[in-house]
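Hi everyone, thanks for making time this morning.

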Amino acid sequence: MQFFGIFSLTILLSQLILPLCNAQRNTTFQVGVILDANSLLAPIATTSLSLALSDFYSFNSNYSTRLVFYTRDGRGRVTDAAASALNLLKDVQVDAIIGPQKSSQAEFVIGLGDAAKVPIISFSATSPSLRPQTQYFVQTAINDAAQVDAVAAIVKYFRWYQIVYIYEDTDYGNGIIPYLSNAFQEINVRVSYRSVIPVSASDDLILQEMYKMKTMQTRVFVVHAPSSLASRIFLKAKEAEMMSEGYAWIVTTGMMDLFYSLDSNVVQSMQGVLGVKPLIPISSRLISTSIRWRKKFADDNPGITPPANINLFGLWAYDTLWALAMAAEKTGFREQPSSLRNTSSLNSTNMFITETSLTGPKLLAAMLETKFEGLAGDFHLVNGQLQPSSFHILNVNGKDLTQVGMWTPLLQSSSSQTNTNKTGFSGEKLEKIIWPGESTNVPKGWEVAVSGKKLKVGVPSEAGFPEFVKVERDPQTNNTKISGLYIDLFDAVMAELPYSVRYEYAPFERSDGSSAGSYDDLSYQVSIGNYDVAVGDITITTTRSEYVVFTLPVGDAGITRTQKIQYDDNPNDKWFFLKPLKMELWLTVLGLFIFTGVCLWILEHRCNKAFRGSPSGYLGLFFYIPFMSIVFAHREKIVTNLARVVVVVWIFVMLVLTSTYTASLSARLTTFKLQQGDTDVNRLIRNGDYVGCREGTYLAEFLKRLGFHESKIRIYKHPEEFDDALSKGSENGGVTALFSGSPYADVFLSKYCNKYMKVGSPYLTEGIAFGFPKGSPLVGDVSTAITKLTDNHKISEIRAHWIQQSGCNKDDPSNVGWTNIGLRSFKVLFIVTGAVTGTCVLVFLVSFFYNNWNKVIGIYRDRNITTWTKVCKICELFDDEDPKYFPKFELVCKTALCQNCELPRYELQADRANARRLPILLRRLGD
């Protein structure tokens, strides 16, 4: 209480020297001061207020107004602070109250000030929940909400993804928590635990809480507590060995500002701690005032070593007094409070009724308009609050605080106004920091709990394909063995981490060994903490992402449609022999047959007895000669050179055609081409076909979104069931198509590639990954390990070990492809054939008309016959035998009597050209 006595003596002396001119008009303003005498802040604030009062009126000696202080002790309790305030309001009838010291005390005193219309001015109650209550509360300190973005910026800078709150269970502690939570939520930082310390907590309770938090994974702690409680927290944290390497501690302004007033043991326990503190601009006035303040503090408190500098609360107290004195001067004079509203009630049980101040509202209005350059910076109140500034980032190093950075609100920086990725630090970089344990290595923010707890890894009990996840139980020992592709992948990833993580696999099953649900259910169990991670053939989906955060994919995904193999041709088809050639080619060949036959008849008819005869015989020759020439089986001799050219070209064409046909037909009889499956899913829907998918997956919902009715979707578990369903088809109780993840389809087809095939392009999905709880610090490191294993092809090796290549031969008939042969393949050949044949016929006709020109002209010029008759006569001319190939004889019969008989005697006359054949003809006649 010594400092209160000295402070009261100073005030009394100031009253004795008041000008006598104040007798008519009262220019003395009565100001109440409520501080907690036994706190660290009380002597600092008292010295600041006393020095500020002396300095103000020394600097403004011409002012007519004066302030008189009435000091009361709040004793650190709400009731004592309220009683002191009530005494000041009722008995002293003060015009303003500076204080109380704590936010919990101010919560109650504000109501009294509002009722009496007396401003309650606090430079130390910083809870953000206080200001909205009444206009008569003035915060001349920066409230705690202003520093939360600076704290969040530190967490963001070091890429910590989860933190622990430690705060006092009072208005001071609780008031900042909503603001901190919002700030961390904006940067995707998870609050893994909240440690709420009661005011009355014993050292044993605090130590017990430290050990509890030590067993957790999170190693980043944000402490918001008054210096008295925060000191005990750090002493017990050091005792629990939580101030060692790997831990990170961040404290708020309240603790940082009183650092130089802390006990040396507390300071030693805080080595490596980071903290934030509002920026105080250095000025010559501040330096000179600090020197005088230290001297006065030593004089007023002879038993206490003065701090090296005025702390933030001392500066705010100094500026508060100056602002209040300026407001009093603007107000001019003090008016007496109005009479009691109900005099009789003063003697009643309602002890909170006070007089209404007439000076208070004027004093408040004047103070809200006051602006000046104070020791702590610009004094400017907006809505009754001191405006925030930039913050120092401080590091406890030895006995001092080392500045490692400066944080500025992003909206105050033009370069950062639209860049939300910036932290707000000057230069975007912090200086070297000494962390707990005298380490210079940045803590990663989490560690495997020292309690020995293993990560509980949930795996599907029935994955469908044992190649992926297989759960086996030994009936004798009841031990569980879990293996598979994704188990090996997870083991490899965890082994790649730069630290050791203990874990154990736990099947996601019921007590009877059956599956406990779908993969969505497993993801949900991870989100509520029943499992620490989900491992298996788990595809990334929107629903699962609402429960867990996935690592980078460890396997490709996609939804593949599998159907039964269908072949283009049926070898038992009666028209199978026509399939090698397209219909257009068959028709063209038939046309060429007729064309070639007609041309050969034209060329040979006048010269070859085999091509002569009745018209019905001509039709047979048209098809017979070309066809038989294919196998060289015709007996008719070709006598003209033009016809021989036609036959040679025709035989060459037929040789090519027959060879091609034979090869194609042989291929069809020995190999069968797959039908290209109908890739249109809507056809399956329109036909009402049944489709299948695997149990426990998201595919049933996926098929519904595609348009399949729920009744058309059939669920299966094992590959054997897939095989049976696809073999039967929709008509026989099976399915037409199976929809599965691409990895499942690959494994399935590796066993049944002779029976089934993929149809269409796969539907893309995000991939297969491991699922961790949201905010898990393992996610980043696991994803990094997956990237490393992918780069060194380790993942590919593990996959190749479990998923064998297809057992089908690369030359498997189902993979052989061919097409029907069309006209385009023989286009040039047919053009050449037609051109040669046509040319030969054209040459023959030109020769014919040339040799018979006179006869043709004679027929054409005969005017006595019709055109049709002319045509018929020319055709008759063509039908005549060619004399070059058929010799002409005149047989003259002369009647004569032989000398020895009465038989007629024939006399043959032959032209000279045929004289050589006469003996032969005579022998025939003789016969």
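Let's start with strand β10. Leu274, Val276 and Pro278 point one way from the strand, Gly275 and Lys277 point the other way, and all are buried. Please keep in mind as we go that this is a predicted model. Five of the five residues of β10, 274-278, are buried, so the strand is largely enclosed by the rest of the structure.

Who are its neighbours? On one side, β9 runs parallel to β10 and is joined to it by two bridges. There, Ile250 stands opposite Leu274. With β14, β10 runs antiparallel, and five bridges join the two. Pro278 has Phe391 of β14 as its bridge partner.

Now let's zoom out to the sheet. Seven strands make up an open, mixed sheet, in the order β7-β6-β8-β9-β10-β14-β15. β7 (190-197) and β15 (400-407) are at the edges with a single partner strand each, so one side of each has no neighbour in the sheet. On average, neighbouring strands here are turned by 25° against each other, direction ignored. Helix α7, residues 203-214, lies across β6, β7, β8 and β9, and runs at about 165° to β7.

On to another helix, α14, residues 359-368. Which of its residues are buried? They are Thr359, Gly360, Leu363, Leu364, Ala366 and Met367. These cover an arc of only 165° around the axis, which puts them on the same side of α14. They pack against several elements, including β1, β12 and helix α12.

Leaving aside residues up to four places away in sequence, Leu67 touches Phe29, Tyr57 and Leu324, among others.

Last stop: helix α27, residues 827-851. At 1.5 Å a residue, its 25 residues should span 36 Å, and the end C-alpha atoms are 36 Å apart, which agrees. Among its buried residues are Phe830, Cys840, Phe844 and Phe848.

That's my tour, and I'm happy to take questions!

Notes. Residues numbered from 1 in each chain as written. Predicted model: local features only at pLDDT ≥ 70, side-chain atom pairs only at ≥ 80, totals over all residues. Heavy atoms only, no water. Pairing = 2+ DSSP bridges. Helix = DSSP H or I, 4+ residues; strand = E, 2+ residues; numbered from the N terminus. Axes fitted to C-alpha atoms, helices over the stretch in contact; angles between N-to-C directions. Contact = heavy atoms within 4.5 Å. Buried < 20%, exposed > 50% of the residue type's maximum accessible area, 1.4 Å probe, protein only. Arc of directions from axis to C-beta. Expected span 1.5 Å × (residues − 1).
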